[in-house]
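Please keep the sequence and the model in view while reading.

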Amino acid sequence: MTHASVPKGHPLGLHRVLEPSGVLPQPAWRLDARPVCCDNELLIDVLRLNIDSASFSQLKEEAGGDPKAVKRRIAEIVRERGKMHNPVTGSGGMLIGRVAEVGPRFPDPHLQVGDKIATLVSLTLTPLYLESIENVDMKTGQVEVKGKAVLFASGPFARLPEDLPERVALAALDVCGAPAQTVRLVKPGQTVVVMGAGGKSGILCLYQAKKRAGPKGRVIALENGQQACADIAALGLTDDLIRVDATDPVAVLTEVERVTDGDLADVTINCVNVPGTELSAILATKDGGTVCFFSMAVRFTAAALGAEGVGKDVQMMIGNGYVRGHAALTLDILRECEGLRKLFVSRYAGSAQRV
């Protein structure tokens, strides 16, 4: 096929939007997921999806814990929307696959057919066509599939490393914006609270928070899961580990006040994957401090009105999933910290719970 005969694409993917017209692919309801590579696109043979934590928790709850129902619902969403965009949580995840075709005007001229990559953009804006869903890991939210996906010219991606198991790299890259933003937010000597500290994003944030705050800082991990608390304790990345329900703002405030002698946190990073934790994060933070919401379960109105209602003057920010260099930084954490690498391998590269 000559360059002239290859269909042209918009760098932001506007040509893939089916409805409603005039919007970008992420807020669009439905995308054109036909597996045809436009001149500036990348066509990918999809191997595995990583459904984001908030979305997968919602899907499991909706399905009553039935793995077959989860599989059916994922297939329904992708068939209806042309992308894996959970209509309840509004979130997606990311994928890994092999390059099937490189458009002649795709920005990276070094990619070759057959290269294995991870997309670093959300599935909520990634055109996705599924031929079949092979297996669903009910523990990790990773889904083995056969299908095709499209990466736009504007979409970042990372080549999969050879020194880490595929499922481990996928899990880490899915949340690589969180530890990268933590590096920007935390300063030496600060007190940092990480909520949902036992999940993959939370535990990576703990590592960077401890590294950035330094010996004069204080890192406080909040986590409700018993096993997750044991994992955090074994890593030794915190000054205080508190087992508490993040949806209980009074309990969170009480515990953070206790360990900080009432000073509260300079920075609070919310990685909890269930709704209703906005006020807990706000109350844990001192006036003039910063709250960063990385959870896809967070509601802006609850955060904004909640802070107003309790008279808290805190800076609130939504954690941008994209930070320049975030993929390399996150993979390097697993190389630097043997304990974290072993934990990720045991969680994500061990025997999968498949259906």
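A salt bridge is counted when a side-chain nitrogen of Lys or Arg lies within 4 Å of a carboxyl oxygen of Asp or Glu. The structure described here is a predicted model. Side chains of opposite charge can pair when their charged atoms come close.

The side chain of Arg-73 forms a salt bridge with that of Glu-76, at 3.2 Å from N to O. Arg-73 and Glu-76 are 3 residues apart in helix H2, so about one helical turn separates them. Glu-76 is partly exposed, with a relative accessible area of 36%. The side chain of Arg-73 also meets that of Glu-62 in a salt bridge, here at 3.3 Å from N to O. Because Arg-73 lies in helix H2 (residues 67-81) and Glu-62 in helix H1 (residues 53-62), this pair ties together parts that are 11 residues apart in sequence. Glu-62 counts as partly exposed, at 45% relative accessibility.

Lys-210 belongs to helix H5, whereas Asp-239 is in the loop between helix H6 (226-235) and strand E11 (240-243), so the pair ties together parts that are 29 residues apart in sequence. Both partners are partly exposed: Lys-210 has a relative accessible area of 25%, and Asp-239 has a relative accessibility of 36%.

## Packing of helices H5 and H11

Helix H5 (residues 200-213) packs against helix H11 (residues 338-348) at an angle of about 175°, and their axes are 12 Å apart. H5 is therefore roughly antiparallel to H11. From H5, the residues Lys-200, Ile-203, Leu-204 and Tyr-207 take part, meeting Leu-340, Leu-343, Phe-344, Arg-347 and Tyr-348 in H11. The residues of this contact comprise 7 nonpolar, no polar and 2 charged.

Asp-174 is placed in helix H3 (residues 166-174). Is Asp-174 buried or exposed? Its relative accessibility is 18%, and buried means under 20%, so Asp-174 counts as buried.

The side chain of Asp-174 makes a polar contact with the side chain of Asn-50, at 2.9 Å. Apart from neighbours within four places in sequence, Asp-174 is in contact with Asn-50, Asp-52, Gly-93, Met-94 and Lys-200. Lys-200 also takes part in the meeting of H5 with H11.

Notes: Residues numbered from 1 in each chain as written. Predicted model: local features only at pLDDT ≥ 70, side-chain atom pairs only at ≥ 80, totals over all residues. Heavy atoms only, no water. Helix = DSSP H or I, 4+ residues; strand = E, 2+ residues; numbered from the N terminus. Buried < 20%, exposed > 50% of the residue type's maximum accessible area, 1.4 Å probe, protein only. Polar contact = N/O pair within 3.5 Å; in protein donor to acceptor, adjacent residues only side chain to side chain. Contact = heavy atoms within 4.5 Å. Axes fitted to C-alpha atoms, helices over the stretch in contact; angles between N-to-C directions. Parallel < 35°, antiparallel > 145°, perpendicular 65-115°, else oblique. Nonpolar A, V, L, I, M, F, W, Y, C, P; charged D, E, K, R; others polar.
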